[in-house]
Amino acid sequence: MNSSRRQFLTWLSVGLAGLITAAIGVPILGYLLGPLLRPVENEWRVAGKVADWRLGDTKLVKIENPASLPWAGTTAESAAWVRRTGDASFLTFSVHCTHLGCPVNWLDDAQLFLCPCHGGAYYQDGTVAAGPPPRPLFNLPWRINGENIELRTIVLPTENEPQ
Amino acid sequence: MYRWLDLRMDISGVWRATFLHPVPIDVNWWYVLGSATLTAFIVQVVTGVALAFAYVPSTEHAYSSLDFITRQAFLGSVVRGLHFWGATAMVVLILAHMSRVFLFGSFKFPREVSWLTGSLLLLLVLAMAFTGQLLRWDQDSFWGIVVLAEQFGKTPIIGGVLAQLTIAGQQVGGATLTRFFATHVFLIPAGIFLLIGVHLYLVVHRGISDPPQPDSVVVPNVELERYERVLATRGVPFFPDVAWRDFAASAALVLAVLLLSVAVGPPAMRTEANPTIVNTNPRPDWYFLSYFALLSLIPPEVENWVILGVPIAIGVFLFAVPLVANRGQRHWSKRPWAVAAVGVGLLAGAVLTVAGDRAPWAPNIDAVQHGALPPSVTAGLDTQQSAGATLFVRRGCWACHTVQGTGGLAGPDLTFVGDRLTSDQLTTRVLNGGRNMPAFASTLTPREVDELVAFLRTLKTKR
């Protein structure tokens with residue numbers, strides 16, 4: 001066999017190996033990127049009845065996640081903090097601490113949100129009271145629809161404001 | 001029969017090349033750490049496969065299937081215990097093995113690639129430790145995933161995409177757990193098998209480094225010849241002359257892991273993962289307590305740099321070491337900086353792990369929700385002071401301040417604050433807050449402030 005033919009067969013083999021890799025690799029890569037391509041409708045979800053909040057009440061609400069899978073179990077819902085500040089005005093907060101995402105807990109008597117992980121603390125209006133959080137708690141879009149208050153679910157990572 | 005097979009498979013040839021290959025006679029007990037790590041990995045594979053026989057990787061059933069394994073399956077608790085303590089052993093041993101290799105200068109020419117594959121193995125082992133903890137699917141797992149996604153989210157430009165790929169969507173949900181399951185049981189182990197293959201091939205092919213003497217120096221041009229001379233004069237077959245120590249150490253390791261899984265058992269089943277239960281206290285397993293502590297103790301301004309920078313710095317260090325320092329002195333007595341690096345690294349890791357376990361920065365939310373001050377604090381208080389003591393607990397002061405060894409550790413200990421501060425100073429502090437203390441001016445009425453201050457003034461050495 002002459003050397004140019006040998007060289008051709010070498011490159012042919014390398015090329016075919018690349019083709020095999022691409023034929024399997026491209027669909028698999030696309031499949032793994034699937035969650036990014038899946039359309040998500042972040043619809044308004046009922047968080048509760050407006051009448052359930054007295055002025056100044058801060059309550060944890062559960063809202064259904066968009067696009068949750070049939071086997072999601074407990075993760076079919078997310079939580080949010082809702083505080084009533086006026087007749088038709090509310091403050092809504094993501095439960096995620098703005099430091100690293102741990103869940104903040106509302107201490108009603110202390111009127112503080114406290115984070116159990118690194119000690120972040122926030123005032124009732126969500127501004128930082130102490131600890132490492134770089135910014136106030138994230139607000140969630142809300143609206144009053146009839147007798148209900150409705151929210152949109154928080155999107156991770158929390159740097160992405162929910163749409 | 002053996003002859004028939006050997007003629008076709010060359011079993012004796014393979015045996016000679018691997019188990020009977022010559023190694024320096026002075027290879028000692030320090031050299032068992034690598035093989036012990038391998039044994040721990042085998043324990044992990046076997047017990048992991050066994051767990052996968054019953055574990056259901058679905059968000060709906062993961063927790064209950066693990067509960068079944070732990071409480072009902074025959075020997076299930078022991079198998080889970082073996083997997084947990086095996087993981088602990090593997091992390092400890094791989095770090096010990098790396099320290100040994102580093103201090104002995106065994107990573108120098110011609111074994112740089114052994115070090116590099118070993119560094120990648122360390123990375124994968126830590127990834128196994130992290131993803132394994134997530135499969136427990138309790139509150140620690142759930143919030144661990146959220147924190148991971150949040151940290152990935154801080155990466156410039158691609159952060160959002162990276163985070164949503166990690167959790168397979170916009171929320172941690174049904175698709176997240178299967179992703180971590182497949183990563184933990186297929187993807188990373190495949191990488192580990194491959195790298196162990198290369199690592200062991202190099203051990204056999206380039207031989208085990210001889211223990212360094214104070215005058216041992218690696219000169220790449222003559223190192224291969226020098227090693228040949230060592231084997232010619234002091235070489236013995238690896239098996240059984242040297243390998244018996246490896247078997248002894250591995251046996252001790254497996255028995256210790258078995259003992260721990262029977263006597264101590266696997267980690268207790270805690271609350272199932274639930275995004276709507278915020279009254280929780282998420283903590284990583286011990287492997288990552290040091291990192292957890294680091295994120296609390298550094299100033300927030302530099303945090304994004306640390307989150308990205310520390311892993312990159314460690315990675316660059318591990319990969320640069322064999323390329324920059326592949327020649328010269330081997331003995332630790334001639335390499336003070338190497339000894340310092342290992343010493344400082346281990347010490348920092350230990351200190352941060354202890355700090356992460358204590359987590360003094362975290363508020364003691366449980367205390368203010370369910371606890372009560374010790375009688376020695378509340379005894380003999382008048383009405384106003386007693387009302388102040390109640391406020392001290394209810395308004396959350398106690399979550400961060402210690403009184404007689406109870407409460408939180410985030411703020412100053414107030415056991416004797418009455419000796420230090422006057423009523424006016426205390427009032428100012430309560431109303432305005434301080435460096436890392438919330439202001440309570442809008443939460444407390446003037447009367448409540450007086451009650452609280454009256455109570456705080458009773459906290460003295462002599463009452």
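Mentor: Start in chain B with Gln404(B), in the loop between strand E5 (402-403) and strand E6 (406-407). Strands here are DSSP runs of E with at least two residues, helices are runs of H or I with at least four, and both are numbered from the N terminus. Phi of Gln404(B) is near 45 degrees, a positive value in a residue other than glycine. At 38% relative accessibility, Gln404(B) is partly exposed, a label for values between buried (under 20% relative accessible area) and exposed (over 50%), taken with a 1.4 Å probe on protein chains only.

Before we go on, a word on the ground rules. Residues are numbered from 1 along each chain as its sequence is written, while chains are lettered from A and ligands numbered from 1 in the order in which they are written. This is a predicted model, with local features needing pLDDT of at least 70, side-chain atom pairs counting only at pLDDT 80 or more, and totals for chains, interfaces and linings using all residues, and side-chain values use heavy atoms, with hydrogens and water left out.

Leu75(B) also has a positive phi, about 65 degrees, although it is not a glycine. Its place is in the loop between helix H4 (62-71) and H5 of chain B. With 48% relative accessibility, Leu75(B) counts as partly exposed. Why pick these angles out? Because most residues other than glycine have a negative phi, and most peptide bonds are trans.

Phe109(B) and Pro110(B) are joined by a cis one, with omega about 5 degrees. Pro110(B) sits in the loop between helix H5 (76-103) and helix H6 (112-134) of chain B. If you peek at the other chain for a moment, you'll find a cis peptide bond joining Leu156(A) and Pro157(A), where omega is about -10 degrees. Pro157(A) lies in the segment after E10 of chain A.

Back in chain B, have a look at Arg335(B), in the loop between strand E4 (328-329) and helix H14 (336-358). Setting aside residues up to four places away in sequence, Arg335(B) touches Phe102(B), Leu103(B), Phe104(B), Gly105(B), Phe107(B), Lys108(B), Gln329(B) and Arg330(B). Contact means heavy atoms within 4.5 Å.

Leu148(B) and Gly105(B) are 43 residues apart in sequence and 35 Å apart in space, C-alpha to C-alpha. Leu148(B) belongs to helix H7 (residues 139-153) of chain B. Apart from neighbours within four places in sequence, Leu148(B) is in contact with Phe130(B), Thr166(B) and Phe180(B).

Now for the rings. Those of Phe, Tyr and Trp (its six-membered ring) pair if their centres lie within 6.5 Å, with planes under 30 degrees apart called stacked, over 60 edge-to-face and the rest tilted. By this rule the count over all chains is 27 aromatic pairs. One of them is the edge-to-face pair of Phe41(B) and Phe193(B), at 5.3 Å centre to centre and 70 degrees between the planes. This pair links distant parts of the chain: Phe41(B) is in helix H3 (residues 33-52) of chain B and Phe193(B) in helix H9 (residues 174-206) of chain B, 152 residues apart. Phe41(B) is buried, with a relative accessible area of 5%. Trp137(B) and Phe142(B) have ring centres 6.4 Å apart and planes at 75 degrees, so that pair is edge-to-face. Both Trp137(B) and Phe142(B) are buried.

To finish, zoom out to the whole chain. Chain B has 21 helices and six strands. Its C-alpha trace spans about 95 × 55 × 50 Å along its principal axes. Of its 463 residues, 50% count as buried.
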